[in-house]
Amino acid sequence: MAELIRLEQLSHSFWQAKQEHPILKGISMSINDGETVAITGPSGSGKSTLLSILGLLDTASSGQYYLRQQSVNTLNRQQKAQIRNQHLGWIFQNFSLIGDMTALENVALPLRFNTTVPSSHYRATAEAALIKVGLADKLNALPAELSGGQQQRVAIARALVSQPSLILADEPTGNLDTTTGQSIVNLLLQLAAEGTTVVLVTHDLAIAKQCQRAIHLVDGCLTDAQ
Ligand SMILES: Nc1ncnc2c1ncn2[C@@H]1O[C@H](COP(=O)(O)OP(=O)(O)OP(=O)(O)O)[C@@H](O)[C@H]1O
Ligand SMILES: [Mg+2]
């Protein structure tokens, strides 16, 4: 499998009152196409920070991040935005859906920023994504009319709608009961089997074990999985 991500001695700090707070300390790793990787570790260990750097929402203070062999340091803002929109899909613990938009409208939203999909295809593309996650009968439902698991499926459909090569999920089952959470994990594993790389942050070791690889962060450093 081809290499999708390579990190070399990646470090990141936040600055507060002129004081440096190191959050990630010399992370080196690579992730291949179609891999499922769980990131585990205690609260505050830097999991979400690492995910935002992988997702090009934040830039590391030092070290190298290669995405498909290209150093992200060489990308300008517009190129980063284009990669975020066309190649990356995000899933969050709190679903992050827009409350006064239907499932279909929420899923179609990223397409407005995707110049490769003509507007006449928005509806059919969003509908296909919702059908894929098992919500064919909820196209016109508002988020408040859906269960937590269904809302997370809408969020997954929204992440999928641009056919990303990488899905980044931050505690995607954190607000769900075990059974519903497992159905969401099954869906993510199915997407990975179809070739999408999935990196997910989880506190749940039972979920981490189902991924091909689990990496463990402690105080900003990578250690072997528990
Ligand atoms: N914008 C920020 N400014 C300053 N410090 C920050 C900022 N964002 C995160 N931090 C700090 O960085 C550290 C790592 O945060 P991060 O959110 O990556 O942890 P996490 O492993 O995802 O934790 P959790 O499991 O609680 O979500 C924490 O100590 C946090 O307080
Ligand atoms: Mg976090």
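## A strand with parallel partners

Strand 3 runs parallel to strand 9 (residues 213-218), and four bridges join the two. Strands here are DSSP runs of E with at least two residues, helices are runs of H or I with at least four, and both are numbered from the N terminus. Two strands pair if DSSP finds at least two bridges between them. Within strand 9, His216 is the bridge partner of Thr40.

Strand 8 (residues 197-201) also pairs with strand 3 in the parallel sense, again over four bridges. Here Ala38 has Leu200 as its bridge partner.

This is a predicted model, where local features need pLDDT of at least 70 and side-chain atom pairs need 80 or more, while totals for chains, interfaces and linings use all residues. Residues are numbered from 1 along each chain, chains are lettered from A and ligands numbered from 1 as written, and side-chain values use heavy atoms, without hydrogens or water.

## Covered on both faces

Why is strand 3 largely enclosed by the rest of the structure? Five of its five residues (36-40) are buried, so the rest of the structure largely encloses it. Buried means under 20% relative accessible area (1.4 Å probe, protein chains only). Thr36, Ala38 and Thr40 cover one side, with Val37 and Ile39 on the other.

Which element gives the most residues to the shell around ligand 1? That is helix 1, with three. Residues count as near if a heavy atom lies within 4 Å; among them are Phe14, Lys47 and His203.

A polar side-chain atom of Thr49 sits 2.5 Å from an oxygen atom of ligand 1.

Definitions and conventions: A polar contact is a pair of N or O atoms within 3.5 Å; within protein, one must be able to donate a hydrogen and the other to accept it, and residues adjacent in sequence count only if both atoms are side-chain atoms. Buried means under 20% relative accessible area, exposed over 50%, partly exposed in between (1.4 Å probe, protein chains only).
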